[in-house]
Amino acid sequence: MSTTPSSERADQPGRRRVVLVDDHAMFRAGVRAELGDAVEVVAEAGDADEAVAAIGRHQPDVVLLDVHLPGGGGGEVMRRLAGAGPAGSPDTRFLALSVSDAAEDVIGTIRAGARGYVTKTITGPELVDAIGRVAEGDAVFSPRLAGFVLDAFAGTIEVAQVDEDLDRLTEREREVMRLIARGYAYKEVASELFISVKTVETHVSSVLRKLQLSSRHELTRWASDRRLL
Amino acid sequence: MTTAAPRPPAAEGYEPRRAYRRTGDRWLGGVAAGLAEHLGLPTRVVRVLFVVGGVLGGFGVLLYAGLWLALPVARPEDEPAGLAAARRQGKRPDATGSWVDSGFVVALVVLAVGVALFLQVLTGWGLGWWPALIALGGVALLWRQADEAEQERMAGRGRLGTVRALVGQGGTAAFARVGVGVVLLVLALLVFAVRSGDLSVARDMVLTAVLAGAGLAFVLAPWILRLARDLSSERAERIRSQERADVAAHLHDSVLQTLALIQKHAGDERAVATLARSQERDLRAWLFDDAVPDGGTIAGELRRAAAEIEDAHAVPVEIVVVGDRPFDERSRPLVLAAREAMANAAKHAGAPRVDVYAEITDAQAEIFVRDRGVGFDPDAMAEDRLGVRRSIIDRMGRHGGRAVVRSAPGEGTEIRLQMPLTATDQQERP
């Protein structure tokens with residue numbers, strides 16, 4: 001991923017405007033330093049209230065959002081902004097940046113509307129790349145997150161034959177997710193499967209969509225399989 | 001045991017000093033130890049005073065019994081959180097010696113019998129004292145057991161059920177105590193009845209006692225129920241505080257130790273990174289993994305292998321596992337080959353990290369070990385490269401699996417391991 005610095009992106013409209021939400025000031029300072037000049041950090045926030053206010057005021061491209069926050073967590077921030085309607089921030093994308101990679105947190109955050117989920121061990125260049133990708137509307141999956149998705153859908157394969165649900169991963173989507181879980185960058189996935197990077201991103205986005213909007217039945221099953229309910 | 005426990009003085013001010021029974025330092029009920037601490041006397045002196053008081057007209061025994069009834073048990077939570085957690089997890093020894101305990105009880109019984117016989121010889125009262133003495137012994141044993149159960153409840157081991165409330169987790173000894181106590185009580189009644197020459201008296205007495213007990217229970221039921229409710233809410237509170245204590249203990253064992261080590265190695269960047277990484281792995285497993293990494297499954301074994309490689313070579317190994325199944329002889333070569341592949345990647349590739357992905361289905365297991373390091377030309381691989389050829393490719397081949405090495409100079413390396421697993425199932429099923 002670090003092989004594609006965001007400056008190579010042709011249609012980049014200046015630097016991305018980012019709001020940084022985390023309750024640890026030290027961590028915010030660290031991320032700011034790591035990001036350097038690659039993006040423009042327009043505001044920082046330490047809890048859910050501050051975050052909602054700052055996002056409403058600055059209308060950033062991307063919000064880097066911790067999952068665990070005082071005042072309701074990252075999911076709560078997204079829900080409140082969604083509830084604010086068009087006055088909220090329609091074009092803002094959310095990228096969760098969390099120390100936790102527990103299934104519960106990942107699922108909750110993706111369902112609340114985040115377009116990506118990366119853990120805090122990510123390197124600076126990878127984070128810049130992820131911000132750029134999310135800003136363009138694509139999804140960002142870490143290998144571990146892809147593993148979760150595969151695991152989740154693998155657990156319900158037997159039901160699939162009975163259940164003529166459309167919300168399944170296609171063979172191609174599974175293949176893409178497997179490669180991502182193996183640590184491949186999108187570009188490498190594309191050359192491995194002889195498809196374009198754009199197609200890879202489409203597949204990943206549709207996986208994310210299915211994850212978010214698949215039938216209530218399936219999500220309940222998924223959650224109960226993982227003892228989340 | 002002979003000296004008063006060196007406890008820190010309680011907070012100054014108007015806080016009333018309360019006496020407790022020290023069940024951790026006890027021969028019978030912990031009354032003497034608790035009283036000694038309260039009065040600032042040596043425990044042995046208090047004990048001698050009780051015994052003297054007991055021999056001289058039984059006052060000591062009555063006082064002891066009264067205090068046993070009245071004094072609350074000192075709570076083990078007086079300890080710092082980490083130490084209490086360590087005790088609960090069995091990492092610290094309990095102070096009680098059971099042999100001393102029973103020895104004293106035996107001595108007390110023998111003494112009581114001797115005194116009774118002596119009185120009998122001296123005054124010719126006959127059997128008049130026997131039922132009372134036996135009953136006293138029975139009651140003492142039952143109280144003793146109640147203490148044991150209460151202490152365990154305080155320490156919060158296990159759930160509280162009816163049986164648990166009675167015997168705790170003492171096992172044979174607890175049941176023996178309760179049984180012998182009840183037998184002694186019944187025996188006392190029988191002796192009394194035989195002595196009075198009329199069994200119907202004994203029957204009437206038992207009936208009266210049972211009726212009175214039932215009546216009392218009926219009247220007191222609301223209070224008893226409320227007490228039980230209070231008790232359970234208090235228990236919930238205590239469990240929460242114990243969880244906090246366990247967190248504290250874990251932080252002490254892991255994070256604090258690691259931070260100390262990091263301070264010592266502050267100059268050595270590599271050592272610090274390794275320490276921090278292993279600590280992260282440990283905490284992550286503790287916080288987020290619901291499955292216990294006991295190594296009984298393929299995923300568990302793989303994670304363990306990855307952790308070992310990570311520690312040995314100071315290269316992060318990111319492992320993602322989809323699906324799982326029990327670890328057996330058939331999957332052993334697969335895990336060993338994967339381990340060798342990880343070791344190679346960590347040692348030779350010079351990559352910042354190693355990605356491992358495993359997909360385990362009913363039919364087969366596939367493992368991909370990938371690095372973005374220097375890479376090499378597999379065709380030009382020298383015959384003496386035993387690691388890859390013997391440990392990975394040949395091993396997989398021997399056990400019915402397949403290994404493919406994909407690499408090119410500058411492109412990194414990916415080793416794909418694939419092992420069919422259905423054969424094991426068919427062997428095991430019949």
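How many aromatic pairs does a search of the whole structure find over all chains?

Guide: The search finds two aromatic pairs over all chains. First, the ground rules. This is a predicted model, in which local features need pLDDT of at least 70 and side-chain atom pairs count only at pLDDT 80 or more, while totals for chains, interfaces and linings use all residues. Residues are numbered from 1 along each chain as its sequence is written, chains are lettered from A and ligands numbered from 1 in the order in which they are written, and side-chain values use heavy atoms, with hydrogens and water left out.

Now the rings. A pair of aromatic rings is described by the distance of the centres and the angle of the planes. Rings of Phe, Tyr and Trp (its six-membered ring) pair if their centres lie within 6.5 Å; planes under 30 degrees apart count as stacked, over 60 as edge-to-face and the rest as tilted.

F50(B) and Y64(B) form an edge-to-face pair, 5.0 Å centre to centre with 80° between the planes. This pair links distant parts of the chain: F50(B) is in helix α2 (residues 43–55) of chain B and Y64(B) in helix α3 (residues 59–70) of chain B, 14 residues apart. Helices (H or I, at least four residues) and strands (E, at least two) are DSSP runs, numbered from the N terminus. F50(B) is buried at a relative accessible area of 10%. Y64(B) is buried too, at 13%. Buried means under 20% relative accessible area, exposed over 50%, partly exposed in between (1.4 Å probe, protein chains only).

The other pair is Y357(B) and F368(B), which is stacked: 6.1 Å centre to centre, 25° between the planes. Y357(B) lies in strand β2 (residues 354–360) of chain B and F368(B) in strand β3 (residues 364–371) of chain B, so this pair ties together parts 11 residues apart in sequence. Both Y357(B) and F368(B) are buried.

F368(B) also leads across to chain A. R182(A) lies over the face of F368(B), at 3.6 Å from the ring centre. A charge sits over a ring if NZ of Lys or CZ of Arg is within 6 Å of the ring centre and within 35 degrees of the ring normal.

Next, the interface itself. Here 21 residues of chain B are in contact with 21 residues of chain A. Contact means heavy atoms within 4.5 Å. The two chains bury about 1,800 Å² between them, 41% of it on carbon and sulfur atoms. Buried area is the accessible area (1.4 Å probe) that two parts lose on being put together, summed over both. Nine salt bridges are counted between chain B and chain A. A salt bridge is a side-chain nitrogen of Lys or Arg within 4 Å of a carboxyl oxygen of Asp or Glu. E192(A) and R416(B) meet in a salt bridge at 3.2 Å, N to O.

The charged end of R133(A) sits over the ring of Y186(A), 4.0 Å from its centre. R133(A) also meets E201(A) in a salt bridge (4.0 Å, N to O). R133(A) lies in helix α5 (residues 124–135) of chain A and E201(A) in helix α10 (residues 197–213) of chain A, so the pair ties together parts 68 residues apart in sequence. R133(A) counts as buried at 5% relative accessibility. E201(A) is buried at 6%.

R281(B) and E310(B) meet in a salt bridge at 2.4 Å, N to O. R281(B) lies in helix α10 of chain B and E310(B) in helix α11 (residues 298–313) of chain B, so this pair ties together parts 29 residues apart in sequence. R281(B) is partly exposed at 25%, whereas E310(B) is buried at 4%. R281(B) also meets D311(B) in a salt bridge, 3.1 Å from N to O. That pair again links helix α10 and helix α11 of chain B, 30 residues apart. D311(B) counts as partly exposed at 40% relative accessibility. Salt bridges that share partners join R277(B), E280(B), R281(B), E310(B), D311(B) and E318(B) into one network.

Helix α10 (residues 269–288) of chain B also holds Q279(B). Q279(B) is buried at 11%. Leaving out residues up to four places away in sequence, Q279(B) touches S254(B), V255(B) and T258(B).
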